[in-house]
Amino acid sequence: MRSAGSLRMLSRNSSVLHIKPRYPSFQNSRFSSFIPLSQVLKAKPSSISPQETPRVNPTSAFASFKSPVASPQIVKLPTRLEWEAQTLLKRNPEVSYEKFTSDESFLYKALWYVYTYGICILRGVPVNHTEIEKVGKRICYLRPTIYGLTWDVKSVENPKNIAYTPNKLDWHQDLCYYEAPPGIQMLHCLEFSEDTVGGRTLFVDGLSVLKRLNKQDPNLFKTLCDVEICFHYENDNQTMIFQRPIIKPSIDGASWDLHWSPAWEDTLTSLDHANQAETFYKAYRRFYEISESEELHFKLRMKPGDMVIFDNRRVMHAREKYTVMKGTRHLKGAYINMDEFLSVFRSLHLSFSQSSPV
């Protein structure tokens with residue numbers, strides 16, 4: 001419990017700030033108080049010694065402290081639920097495009113699916129090259145990257161990315177070599193010829209994989225949290241490098257963010273000793289083996305007018321190899337920042353959480 005001890009830490013130089021929390025609370029045996037930090041700089045230091053530091057009374061409201069700004073409203077969001085393929089099929093995370101664009105409650109429903117399960121499918125999206133921008137603006141706005149505001153996924157000559165081939169794509173998440181990888185990814189199917197053999201888009205819930213790993217061997221889970229790896233992309237005068245662990249707490253602190261992209265991972269450079277490498281390789285292989293569990297794979301043969309919106313820091317995606325006799329397989333892609341997504345979702349949740357979206 002952090003109470004007087006926390007205040008004593010502020011007074012190691014024999015000075016304590018005369019600021020009292022406006023809304024003290026205890027969560028999970030940890031003391032928290034909502035003090036606008038702008039007031040910390042304005043407060044006058046005291047000459048009270050650490051031994052004389054007054055104890056915090058968690059039952060009082062400290063009404064004497066007047067804040068010039070409204071305290072933030074804490075929005076309790078839904079619990080994220082892990083899934084296997086059959087579980088997700090039963091929950092049917094789909095929303096019609098017409099309702100998504102015309103009814104705020106269905107916008108909330110779509111974002112609820114993305115937050116809770118990490119994925120939502122919009123059906124009946126108009127088939128054109130700019131509709132994905134309209135969907136992005138309906139949520140908040142799109143995030144530009146080195147690939148542009150939007151980008152095309154189809155087989156081309158002289159590809160600079162394996163995504164632009166008909167080859168198989170293994171499990172991955174996009175742009176792990178960014179300091180802040182996009183939180184939300186959207187894929188809109190513009191064309192998928194009926195004679196296409198293969199080419200299904202595959203999804204696996206990273207949260208389900210992580211929970212299985214942690215249950216099987218907590219030490220291997222911890223290794224993937226501790227050891228940083230280097231993600232690296234270099235092409236067309238672009239050199240992207242960032243070092244991070246495969247597993248990190250999510251930005252809202254409610255879950256875990258996953259960073260898995262073997263095609264863009266470099267050699268290990270942050271190991272403390274040789275034995276750590278062996279442990280890491282074991283953890284790395286075990287994670288992959290779990291993700292290969294067939295019952296976890298949600299397989300979707302997209303058709304023109306389908307759009308998948310998913311959590312790029314939770315859900316891994318892949319693609320089957322495909323061949324096309326006539327026509328082509330053409331998806332349009334775009335990203336949204338997680339911060340803006342969560343901001344919109346919190347606001348909608350305050351309005352619609354009393355009625356279940358499903």
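The legends below describe close-up views of a predicted model. In this predicted model, local features need pLDDT of at least 70 and side-chain atom pairs count only at pLDDT 80 or more, while totals for chains, interfaces and linings use all residues. Residues are numbered from 1 along each chain as its sequence is written, and side-chain values use heavy atoms, with hydrogens and water left out.

**View 1. The open sheet E6-E16-E9-E14.** Four strands form an open sheet in the order E6-E16-E9-E14, with antiparallel pairing; strands (E, at least two residues) and helices (H or I, at least four) are DSSP runs numbered from the N terminus, and two strands pair if DSSP finds at least two bridges between them. Strand E6 (169-172) and strand E14 (298-300) stand at the edges with a single partner strand each, so one side of each is left without a neighbour in the sheet. From one strand to the next, the twist averages 15°; axes are lines fitted to C-alpha atoms, for helices over the stretch in contact, and angles run from 0 to 180 degrees between N-to-C directions.

View 2. Two bridges join E6 to E16, where histidine 172 has histidine 317 as its bridge partner. Histidine 317 of E16 also stands opposite phenylalanine 203, and E9 is joined to E16 by five bridges. Three bridges link E9 (residues 201-205) to E14, in which phenylalanine 298 is the bridge partner of phenylalanine 203. Helix H7 (residues 206-216) lies across E9 and strand E16 (315-319), running at about 45° to E9.

View 3. Eight of the nine residues of strand E7 (residues 184-192) are buried, so E7 is largely enclosed by the rest of the structure. E7 runs antiparallel to strand E15 (residues 307-311), to which five bridges join it, and methionine 307 of E15 is the bridge partner of histidine 188. Eight bridges join E7 to strand E18 (residues 329-336), again antiparallel, with methionine 186 standing opposite alanine 334 in E18.

View 4. Arginine 329, in strand E18, is buried yet has no salt bridge, and the nearest side chain of opposite charge, glutamate 320, is 8.0 Å away. A salt bridge is a side-chain nitrogen of Lys or Arg within 4 Å of a carboxyl oxygen of Asp or Glu; Lys and Arg count as positive and Asp and Glu as negative, with His and the chain ends not counted. The side chain of arginine 329 reaches the backbone oxygen of glycine 199 at 3.0 Å and makes a polar contact with the side chain of threonine 201 at 3.2 Å. A polar contact is a pair of N or O atoms within 3.5 Å; within protein, one must be able to donate a hydrogen and the other to accept it, and residues adjacent in sequence count only if both atoms are side-chain atoms.

**View 5. Glutamate 340 in helix H10.** Glutamate 340, found in H10 (residues 338-352), is partly exposed, with a relative accessible area of 21%. Leaving aside neighbours within four places in sequence, glutamate 340 is in contact with Cys140 and Tyr141, where contact means heavy atoms within 4.5 Å.

Notes
Buried means under 20% relative accessible area, exposed over 50%, partly exposed in between (1.4 Å probe, protein chains only).
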